[in-house]
Amino acid sequence: MEDDQRGVESVSALDGLAERVTAGATITEADARLMLASHDLIAIGVMGDAVRRRLHGARTTFVRVFEIHVNAPPAGRPLHVSAGEFRIIGRPASFEAAVKAVGAASAIASGVPVTGFSLIDLQGVASESGQRLDAVCSALRSAGLAAVAEVPVDLAGDAAADAVNAARSAGLAVTRLTVHALPDARAIEPAVRARDLQLATGGFRVFAPLPRTMSVTEPSSGYDDVKQVAMARLLAANIESIQVDWALYGPKLAQVALTTGADDVDNVAAQESGALGTRRSSLEEIRGNIRAAGLEPIERNAVFECGWNGAGGGAPAE
Amino acid sequence: MSTEALADHVRNGGRLDAAGALELYLDAPTPLLGRLAGEIRRRKHPDGVVTYIIDRNVNYTNICVARCNFCAFYRPVGSAEGYVLGFDDIFRKIDETMALGGGQLLLQGGHNPDLPLEWYEDLFRSVKQRYPAFRLHALSPPEVVNLCRLSRLPVPEIIDRLVDAGLDSIPGGGAEILVDRVRKLLNCYSKATADEWLDVMRHAHRAGLRTTATMMYGTVETPEERLEHMFRLRELQDETGGFTAFIAWSYQPEHTELGGSEATGVEYLRTLATARLVLDNFDNLQASWVTQGGKVGQLSLAYGANDMGSVMIEENVVRAAGASYCMDEMEIVRNIENAGFTARRRNMHYEALGEPIFRGRQVPRTLELAVARGEDDATRPPEIGRYAARSAAEKKARQAGATE
């Protein structure tokens, strides 16, 4: 695949692919590489959007997430929190620390689903505590955990499908695939792994293809991000939603991603200072951004119940 | 005309009228706008070059009597947070700029009643004396209007005197939206009406200067008024041909009197692409990474932009309103090349100067833009006393200084 070095290519390189995508065909790994090597951002975005609209129309879901660090759960429920998900972040130091954090989060969540941990970290906890993964997950389920927060596909080993099944057998939902880090901007492997893990286990609702970590001095570019989102939408067509992180990638890039393949927004702020009024609240900001992209905002919670508006999760976001 | 018919009209080199531009701006799918803008960019720049400049944004004072309600940067006369940079401060900033390969300052500031025309003339002359080849891209039209009022001289004479002292080109700041209904609502009508802004540019072009044009959108204006702004610029460009580039950016609301929220990224890309279609007599469109961030700044290259603007080195105005993005030369070039273009340094006339500086020699990375001066720095420049104070606050401050 020869690169176009001048940004002046015609759409010819992607024409055939675009026609197949429009006709509803699934793309190959070679097609995915073709997309990432091209600089025709508009053509790539149009393909991502075509599949997204075929699956979801203008519907765009989002979830407000209240993050709790595993080592520092708040003693009481903070003010002005309105969330669809209480998410425990960070790697637990031990099995006991994980159970304790879930208990603390459940105590302040007031019925809002509590999620937490990466499946990789739970495998580590199980190994370190000499327990089976399903036993660890069962204990966390009993403490109030509803779902494992993420499965980073690039870190998950060959036994990932077994681990997913073990967690699910213990009653935990395992629905979100993420990418910890991309080896390079043209890597298709995470999307391939996401597609294949879904083929092996089913049950995943979202894939977030943009990496959770990146270089400070050489962050991914806007082109890289849009291409990854569109490519993931096309390649991982067996996963319902492509997700983008509002806080990590910022409203501007995330909004553009919603027009090029993504249909779900993660990590919208759940806590308002109240000082700026409703016009500037995170809820109004996310809804306004989705509408400004010509899409329809629908709030959901951690277990994908739509129409969730933070009710039962505390005070309205004003 | 239908959207498709309008698209064909543009593809065939036709000129948009107000109704057609509005139809496309409001109703055309965003990818279609991007494709059309990209086609026009390719027509104007078939070599696939995207330019950028190494210069520094210096704000010589934040003291301002204009009181625009969208501005978070200014401080009123007499404020303890008000400052004026000394000539030596500016020389130091020029030294730092030259060390990074820069050859120009973008010099703008508040309408400070205690800085008369002579202060600017002396500053420009001393810069040129020390740095003969260094360029001054300075004083937006409202600042020129302010000098006309302070000195009671007409615009052409002010421009002649500033050029004589060393002014090289005029930045297009202070345009906001060139519709007086909007300017009155933003409390910037009195600093310069739409006609006054355009008139300064007209005189500058007649005097042989090249200038840029800007648009700050996303406050109180309607889509029709954004387009009216573009059409007024297109009309003047037809008349003079003096604009080098157009730069649009979204209003930044943090810490401003006006408040509200910022226009979104998709709105920015649509506005930029529409500007490329309407402003068919402008060669260059800049990406505003300083307001949109590096990622959407780079995406601008797919929506009609052919210039990544400046590395800036320093920025104070947008930062005061909540945006604090940073791109050094290496990052700008990386983004240009990552999008498939060839990166070239340019000067204020958008003439290519050559390969990136960092490819020829070691340049330190910059991960955060500098500010005008340190937070605790309350020094007063020594030369300020050479110029007659006009404001009561400044007179009082000088009296207090004299009795200490």
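**Figure 1. Strand 9 of chain A and its partners in the predicted model.** A:Q243 stands opposite A:D264, a residue of strand 9 of chain A. The model is predicted. Strand 8 (residues 241–245) of chain A, paired with strand 9 of chain A over three bridges, runs in the parallel sense. Strand 1 (residues 59–69) of chain A also pairs with strand 9 in the parallel sense, here over four bridges. Within strand 9 of chain A, A:V268 is the bridge partner of A:R64. Strand 9, which spans residues 264–269 of chain A, is mostly covered, six of its six residues being buried. A right-handed β-α-β unit is made by strand 8, helix 10 and strand 9 of chain A.

**Figure 2. The side of chain A that touches chain B.** Contacts join 32 residues of chain A to 29 residues of chain B. Two or more residues each are given to this side of chain A by helix 3 (41–56), helix 9 (222–235), helix 10 (246–258) and helix 11 (282–292) of chain A. Helix 10 of chain A supplies the largest share, six residues. By class, the side of chain A that touches chain B comprises 11 nonpolar, 12 polar and nine charged residues.

**Figure 3. The largest nonpolar core and the surroundings of A:A167.** In soluble globular proteins, nonpolar side chains tend to be buried together. The largest nonpolar core of this model has 214 residues, and A:A167 and B:F246 are those with the most contacts inside it. Apart from residues up to four places away in sequence, A:A167 touches A:L119, A:L133, A:C137, A:V148, A:L172 and A:V174.

**Figure 4. The loop position of B:A175.** B:A175 is placed in the loop between strand 5 (169–170) and helix 8 (180–185) of chain B. B:A175 counts as buried because 28 other C-beta atoms lie within 10 Å. Neighbours within four places in sequence left aside, B:A175 is in contact with B:W197, B:A213, B:T214 and B:M215. B:K93 and B:A175 are 82 residues apart in sequence, and their C-alpha atoms are 26 Å apart in space.

Figure 5. Helix 10 of chain B (residues 223–240) has 18 residues and reaches 26 Å from its first C-alpha to its last, close to the 26 Å expected at 1.5 Å a residue. Its buried residues are B:R226, B:L227, B:E228, B:H229, B:M230, B:L233, B:R234, B:L236 and B:Q237. The buried residues of helix 10 of chain B pack against helix 2 (18–27), helix 9 (194–206), strand 6 (210–217), strand 7 and helix 11 of chain B.

**Figure 6. Two loop residues of chain B with positive phi.** Most residues other than glycine have a negative phi. B:R67, although not a glycine, has a positive phi of about 60°. B:R67 is found in the loop between strand 2 (56–59) and helix 4 (87–99) of chain B, and B:R67 counts as partly exposed because it has 15 C-beta neighbours inside 10 Å. For B:H255, also a residue other than glycine, phi has a positive value near 65°. The place of B:H255 is in the loop between strand 7 (243–250) and helix 11 (265–278) of chain B. B:H255 has 12 C-beta neighbours inside 10 Å and therefore counts as exposed.

How values were computed:
Residues numbered from 1 in each chain as written. Chains lettered and ligands numbered in written order. Predicted model: local features only at pLDDT ≥ 70, side-chain atom pairs only at ≥ 80, totals over all residues. Contact = placed C-beta atoms within 7 Å. Nonpolar A, V, L, I, M, F, W, Y, C, P; charged D, E, K, R; others polar. Buried ≥ 20, exposed ≤ 12 C-beta atoms within 10 Å, placed from the backbone. Pairing = 2+ DSSP bridges. Right-handed = clockwise from strand over helix to strand, strands pointing away. Core = buried A, V, L, I, M, F, W, Y, C linked by C-beta atoms within 7 Å. Expected span 1.5 Å × (residues − 1).
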